[in-house]
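Subject: Structure for your review

Dear colleague,

Please find below the structure that I am handing over to you. My notes on what was found in it follow directly after.

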Amino acid sequence: MRYHPVKAFNYDFLTPFYDTILNLIGFGQGQREKIVRLLNLKPGEKFLDVGCGTGSLLKVARKLHPDNEMVGIDIDKKILEIAKKKLDSIGITLINTGAENLPFPDNSFDVVVSTLIFHHLPTEIKLKALSEIKRVLKPDGRFLLVDFGKDYRRQKQRRTILKVKSLIIYVKQGSNLVKFQKGI
Ligand SMILES: C[S@@+](CC[C@H](N)C(=O)[O-])C[C@H]1O[C@@H](n2cnc3c(N)ncnc32)[C@H](O)[C@@H]1O
């Protein structure tokens, strides 16, 4: 399958404005803090952000959890350059790769998060990415997928750029990802 990854805002020239625009549409520091708190990282747990973009979530995670090992991956070299400037001095590893091809051994992470990337992925790549995430998660590891989607409280489809509606945590049990908790 020929696959052309989508840039954060579709066009390269918009990438430098990514953080500013996200703040304006309400997906700034506050939302990221909520997400990191929901992940409930414990001391010693290893954390992976899939499609980390400019690294804003990792920066918040580092502030709240100074000692955990953290890694971010993204397929776009240019956006990783922005993340690198933000995260270099706070000990976070950044790797240029696709979610569908994670360069980590099986069972390497306790917690995986992915925010606002899955709607960019074609179905085949989504499935590969989910299978990779499941592979690199440790048994009982947690995966939080954050994206635009169905409002679980209203039971109807709603797309909005102002609020992310669906937050679901999956826990790896045996060879499955099992739904654990949802909502923010
Ligand atoms: C809308 S941005 C979200 C960035 C960040 N997670 C956030 O919440 O701000 C989508 C990101 O997904 C990345 N991306 C797109 N396809 C990808 C893939 N196959 N694997 C990894 N990252 C991908 C893009 O480069 C971009 O940084």
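How many bridges join strand 2 to strand 3, and do the two run parallel or antiparallel? Strand 2 and strand 3 (residues 93-96) run parallel and are joined by four bridges. Please bear in mind throughout that this is a predicted model.

Overall organisation

The protein chain contains five helices and seven strands. Along the sequence these elements follow the order α-α-β-α-β-α-β-β-α-β-β-β. The chain has 184 residues, of which 36% count as buried. Among contacts in the protein chain with a separation of 6 or more, 61% are made by residues 24 or more positions apart.

Strand 2 is mostly covered, with five of its five residues buried. Met 70, Gly 72 and Asp 74 point one way from this strand, while Val 71 and Ile 73 point the other way.

Strand 1, helix 3 and strand 2 form a right-handed β-α-β unit. Strand 2, helix 4 and strand 3 form a right-handed β-α-β unit.

Helices 3 and 2

Helix 3 (residues 56-64) is largely enclosed by the rest of the structure, because seven of its nine residues are buried. These buried residues are Ser 56, Leu 57, Leu 58, Lys 59, Val 60, Ala 61 and Arg 62. Their cover includes helix 1 (18-24), helix 2 (29-39) and helix 4 (77-87), together with strand 1 (47-50), strand 2 (70-74) and strand 4 (109-115).

In helix 2, the buried residues are Gln 31, Arg 32, Ile 35, Val 36 and Leu 39. Viewed down the axis of helix 2, they fall within an arc of 135 degrees, so they line one face of the helix. Helix 3, strand 4 and strand 5 (137-147) are included in what covers the buried residues of helix 2.

Positive phi values

As background, most residues other than glycine have a negative phi.

- Asn 40 follows helix 2 and has a positive phi, near 50 degrees.
- Asn 107, which is not a glycine, has a positive phi of about 55 degrees. Asn 107 lies in the loop between strand 3 and strand 4, and it counts as partly exposed because it has 13 C-beta neighbours inside 10 Å.
- Leu 116 has a positive phi near 60 degrees. Leu 116 is found in the loop between strand 4 and helix 5 (123-136), and with 16 C-beta neighbours inside 10 Å it counts as partly exposed.

Gly 141

Beyond its neighbours within four places in sequence, Gly 141 is in contact with Phe 109, Asp 110, Val 111, Val 112 and Lys 172. Gly 141 and Leu 177 are 36 residues apart in sequence, and their C-alpha atoms are 9.2 Å apart in space.

The ligand surroundings

There are 23 residues around the ligand, and those that come nearest are Gly 51, Gly 53, Asp 76, Thr 115 and Ile 117. By class, the shell consists of 13 nonpolar, six polar and four charged residues.

With kind regards

Note on methods
Residues are numbered from 1 along each chain as its sequence is written. This is a predicted model: local features need pLDDT of at least 70, side-chain atom pairs count only at pLDDT 80 or more; totals for chains, interfaces and linings use all residues. A residue is near a molecule or strand if its C-beta atom, placed from the backbone, lies within 6 Å of it. Ala, Val, Leu, Ile, Met, Phe, Trp, Tyr, Cys and Pro count as nonpolar, Asp, Glu, Lys and Arg as charged, and the others, Gly among them, as polar. A residue is buried if 20 or more other C-beta atoms lie within 10 Å of its own, exposed if 12 or fewer, and partly exposed in between; C-beta atoms are placed from the backbone. Two residues are in contact if their C-beta atoms, placed from the backbone, lie within 7 Å. A crossover is right-handed if, with the strands pointing away from the viewer, the path from the first strand over the helix to the second runs clockwise. Two strands pair if DSSP finds at least two bridges between them. The arc is that of the directions from the helix axis to the C-beta atoms.
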